[in-house]
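I opened my notebook to record what I looked up in this protein model, one topic at a time.

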Amino acid sequence: MDRCIPKTGTFTRAGPTAVLPSPDEIDESYAGVLMRINGFGTAGDLENAIAASSGLESSCLRKVTIVELLARISGMSVEEFVCRHTTVPLRRGITPHHVSTPHGSEARRGILSMASRRQNSVGAVMCPGCVRAEQENLGRSYWHRELQIPGTIWCHRHRVPLLACKQEGAYFRSPSEFLSKGTSQQIECDEAFVNSPAYKTYIGLCAALMETTRPYDSKAVGIVLAARCRARKVRRSTKSRGWLNWVPTLSGRARELFPEQWLNSMVPSSKGEGQIAQLERAAWGTSHSHVTTYAIACAILYASADEAMDDIYLGVRELEALEGKCRGWDRSVVCTDTDKNRMRLQAIVQSN
């Protein structure tokens with residue numbers, strides 16, 4: 001069990017005793033710490049206490065999310081707290097909806113509600129090595145936001161597989177309570193895979209999206225991926241004929257680079273569509289896909305997360321520049337020569 005939680009960084013204002021959230025601590029884990037040091041039995045008790053100390057009436061509490069209350073007691077703005085301590089930046093990382101709206105903006109209340117939803121479908125994920133190190137050095141362990149990235153199965157710092165706990169409300173409790181109860185994610189986890197360029201690119205891209213302050217437009221990302229497919233001679237669709245049949249497909253490359261069980265957990269069938277259809281949609285840029293699907297496509301097409309993020313950033317900036325000049329966006333403007341494309345996009349951005 002964790003030792004007594006240090007009171008370093010406590011606030012002196014009236015209300016619940018508060019500590020600053022640890023770096024990379026997920027919001028529900030921070031709420032659990034506040035509950036334990038104040039002796040609250042439920043998250044609702046914590047919400048009521050923060051609201052009362054903030055002067056909020058009970059009638060107004062229904063309109064305020066737990067994320068807003070946690071931001072208030074931590075001394076951060078709501079947008080800052082959402083970007084630092086929730087997975088919203090990743091889940092909204094690539095989307096067609098409200099791309100100019102920052103993560104956590106109070107102008108879109110749905111974004112704040114999104115922050116309070118369950119973080120990871122496989123359960124709360126932890127590294128036993130990190131838990132023991134934090135107990136020894138900090139006096140308490142906490143749930144790391146970065147480890148909640150879907151598909152994360154390995155801690156490179158301690159070189160051990162991660163454990164998952166599916167118990168309801170696990171995030172509100174200390175990870176140390178589940179060291180003996182945590183279970184492996186039952187996914188092939190060997191060092192050859194977790195050290196592969198494809199896995200590192202996927203994790204690196206998701207981690208980079210987690211650090212964004214607003215999302216990228218899925219329309220621009222899809223067209224960037226389409227151009228990359230042409231440059232890397234990868235077919236976006238399995239529906240081809242004639243001489244194109246010898247060209248590898250995006251879904252075929254996915255099966256070569258990722259274990260089947262891992263891939264099945266990451267790109268489940270949706271509305272009757274399988275993995276192939278979802279990867280094709282991401283690369284065609286015709287409709288929105290889940291952010292992890294875009295990340296897997298980038299892991300197939302790029303050698304590193306930095307290279308992928310560079311192209312995505314430039315593609316989005318080009319879309320913004322062109323939309324300022326014309327109503328539509330010509331898909332043919334993205335050429336297959338990556339270096340020439342990057343120089344041309346930079347010139348367009350600088351001219352605007």
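Predicted model: local features only at pLDDT ≥ 70, side-chain atom pairs only at ≥ 80, totals over all residues.

Residues are numbered from 1 along each chain as its sequence is written, and side-chain values use heavy atoms, without hydrogens and water.

**Cores.** I looked up the nonpolar cores (sets of buried Ala, Val, Leu, Ile, Met, Phe, Trp, Tyr and Cys residues joined through side-chain atoms within 4.5 Å; buried means under 20% relative accessible area, exposed over 50%, partly exposed in between, with a 1.4 Å probe and protein chains only). The largest has 47 residues, and Y202, F258, W262 and I296 have the most contacts inside it. Apart from this core lies another of 24 residues, including L34, I50, V78 and F81.

**Aromatic rings.** I found 8 aromatic pairs in the whole structure, where rings of Phe, Tyr and Trp (its six-membered ring) pair if their centres lie within 6.5 Å, and planes under 30 degrees apart count as stacked, over 60 as edge-to-face and the rest as tilted. The rings of W143 and F178 have centres 6.2 Å apart and planes at 45°, so this pair is tilted. W143 is buried at 0% relative accessibility, and F178 is buried at 0% too. I also noted one aromatic cluster, formed by F193, Y199, Y202, F258 and W262.

**Residue N48.** With a relative accessible area of 43%, N48 is partly exposed. N48 and I66 are 18 residues apart in sequence, and their C-alpha atoms are 10.0 Å apart in space.
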